[in-house]
Amino acid sequence: MKEVTESAEWLELQKHYEEIKDQHMRDMFAQDDNRFDKFSAELGDILLDYSKNRITEETMSLLIKLARYVKIEEWRDNMMSGVAINTTENRSVLHTALRNRSNKPIRVNGRNVMPMVNEVLDHMRDFSEQVRSGQWRGYNGERIKNIINIGIGGSDLGPHVVCESMKPYAQRGLKVFFVSNADATHLVETLKDVDPESTLFVIASKTFTTQETMLNAFSARKWFLDLVGNEKAIEKHFVAVTTNVELATQFGINEANTFAFWDWVGGRYSLWSSVGLTIALYLGMEHFESLLEGAYEMDQHFLNAPLEHNIPVIMALLGVWYNNFFDAQSHAIMPYSQYLERLPDYLQQLDMESNGKTIDRNNQRVNYLTGPIIWGQSGTNGQHAFFQLLHQGTKPVPADFLIPALSQNPLGLHHRVLFSNCLAQTKALMLGKRYTEAVEEMQAQGVDKKTIDDVIAHKVFDGNKPTNTIIFSKLTPKTLGSIMAMYEHKVFVQGIIWNINSFDQWGVEYGKVLAGQIQNDLCEPGEVSNHDSSTNGLINYRKSIYFDNLAKNKLD
């Protein structure tokens with residue numbers, strides 16, 4: 001296949017972009033009373049309104065043609081049937097099998113993986129119910145009250161965003177903590193809030209060798225043993241989510257308390273696997289399974305809905321439209337829900353680790369933009385932080401606004417204020433404010449002509465800023481599962497269009513190698529000179545401080 005940017009479909013879109021790039025959405029709405037109906041889609045209780053985008057019916061038709069040119073449906077079917085589409089690692093990509101609620105066979109190398117998936121789910125159910133019921137107790141008979149998840153990347157962000165989002169469904173008296181950073185502060189400050197007798201550690205590392213995770217795990221182990229003094233007690237307070245049973249056993253974890261997953265589960269897609277054990281412990285297995293149900297429902301929609309009405313496909317195509325034709329280099333995520341505060345962090349890894357690539361599937365350097373920068377914050381906080389740039393800045397920033405129709409915590413006018421702010425921002429971003437409107441507004445406020453003349457230019461908003469609005473009835477485990485799967489499939493579709501492998505992360509691996517070299521250099525006295533001058537200077541500066549303090553007995 002020729003470069004996607006050389007295809008007739010891409011060139012048609014480029015020509016169309018030139019024709020409509022100066023059209024304003026305000027005029028598009030004025031000319032079409034049915035714009036919302038034409039550019040919205042539903043699945044269950046989720047509504048996607050994408051009418052506030054710089055698109056026409058022709059735009060969407062041309063984008064769908066591009067999707068068909070790159071054979072989205074074929075790639076989708078291959079992924080979901082177990083074909084090894086992760087070509088650089090020769091692996092299947094089957095996070096969808098983890099939430100395959102139909103239990104239909106899905107094969108990897110001729111073997112149906114569903115019996116293995118169901119066996120792990122049964123193991124998670126049995127263990128989580130024991131802990132939550134009080135049947136499983138600590139070494140001295142005390143009930144487990146604290147769960148500490150030790151992982152990083154997908155082993156942290158996925159479970160973390162779900163547990164944070166689903167607090168209303170958590171068991172009373174049970175607290176959950178997440179430790180990921182190699183900075184000792186993260187672990188030390190967390191351990192200040194718990195006692196060893198009532199704490200269960202979930203160590204999540206596919207290989208049981210991930211540097212940051214194992215550093216924190218062994219430090220937590222030492223903290224536990226220093227206080228308890230009984231190595232056998234580790235079995236009652238540490239469990240592992242890993243493929244490396246041998247190393248987990250050497251750590252002191254009973255093999256029966258090791259939860260498996262497989263190499264066809266990528267880290268940033270792993271929350272649906274046994275990495276979700278912390279979710280099951282905190283929320284209960286029935287809510288974890290509701291999460292799986294919601295994701296499965298979105299999987300089926302992605303698999304079966306025509307591209308023209310397929311929510312993840314539509315969102316992906318809109319992202320390509322702005323990324324590659326409008327040169328929008330970032331995309332903002334604005335959840336108008338405090339429970340979804342960590343969703344931008346999760347989507348940042350999902351998107352940027354997947355599609356932050358410069359080499360295509362043909363091993364050639366791309367000559368077009370791939371994955372955007374993902375960022376955001378919960379509303380209404382973001383309005384008082386960075387929305388000024390969205391409204392009047394010089395950079396185009398498409399954005400997703402997510403909000404529940406009903407609050408988990410109905411309190412006075414709070415949710416009405418929240419909802420009205422969400423819709424007002426998308427309306428203002430679309431409409432803008434024209435010169436005459438700004439003048440009329442100031443005149444109505446009684447502002448004198450000189451003051452108006454002095455400040456009127458600052459009161460004008462261009463508008464025409466694209467947004468998607470995603471409304472759902474209520475934030476439940478099932479709804480959250482659907483939303484998270486929706487974004488997974490969006491990222492996948494964009495990766496196919498850009499002809500990149502969305503399922504490896506070699507850039508991350510390179511940094512780990514260099515860190516190991518620098519770590520060794522930090523240990524030895526004397527100046528180093530085997531790096532570039534900047535790195536040498538920084539290492540030597542740190543060593544001078546460290547060894548000076550060591551000589552003065554200020555360090556342990």
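Contact here means heavy atoms within 4.5 Å, and helices (H or I, at least four residues) and strands (E, at least two) are DSSP runs numbered from the N terminus. The model is predicted: local features need pLDDT of at least 70, side-chain atom pairs count only at pLDDT 80 or more, and totals for chains, interfaces and linings use all residues. Residues are numbered from 1 along each chain as its sequence is written, and side-chain values use heavy atoms, with hydrogens and water left out.

**View 1. Packing of helices α12 and α19.** Residues of α12 (285-304), among them H287, L291, M298 and F302, meet residues of α19 (477-497), including L480, A485, M486 and F492. The two helices pack at an angle of about 40 degrees, with their axes 7 Å apart; axes are lines fitted to C-alpha atoms, for helices over the stretch in contact, and angles run from 0 to 180 degrees between N-to-C directions. That angle makes α12 oblique to α19 (under 35 degrees counts as roughly parallel, over 145 as roughly antiparallel, 65 to 115 as roughly perpendicular, and the rest as oblique). By class, the contact has 10 nonpolar, six polar and four charged residues. Ala, Val, Leu, Ile, Met, Phe, Trp, Tyr, Cys and Pro count as nonpolar, Asp, Glu, Lys and Arg as charged, and the others, Gly among them, as polar.

**View 2. An open sheet of five strands.** The strand order is β6-β5-β7-β8-β9, with parallel pairing; two strands pair if DSSP finds at least two bridges between them. β6 (175-179) and β9 (258-259) stand at the edges, each with a single partner strand, so one side of each has no neighbour in the sheet. Two bridges join β8 (238-241) to β9, and V241 stands opposite F259 in β9.

**View 3. Helices on the sheet.** Helix α8 (184-191) lies across β5 (146-150), β6 and β7 (199-204), and runs at about 165 degrees to β6. Helix α9 (211-228) also packs on the sheet, where it touches β5, β6, β7 and β8. The direction of α9 makes about 155 degrees with that of β7.

**View 4. Backbone exceptions in loops.** Most residues other than glycine have a negative phi, and most peptide bonds are trans. F208, in the loop between β7 and α9, has a positive phi of about 60 degrees. N464, in the loop between α18 (449-455) and β13 (467-472), has a positive phi of about 65 degrees. F208 is buried, with a relative accessible area of 4%, and N464 is buried at 8% (buried means under 20% relative accessible area, exposed over 50%, partly exposed in between; 1.4 Å probe, protein chains only). A cis peptide bond with omega of about 10 degrees joins G379 and T380; T380 lies in the loop between β11 (373-376) and α15 (387-392).
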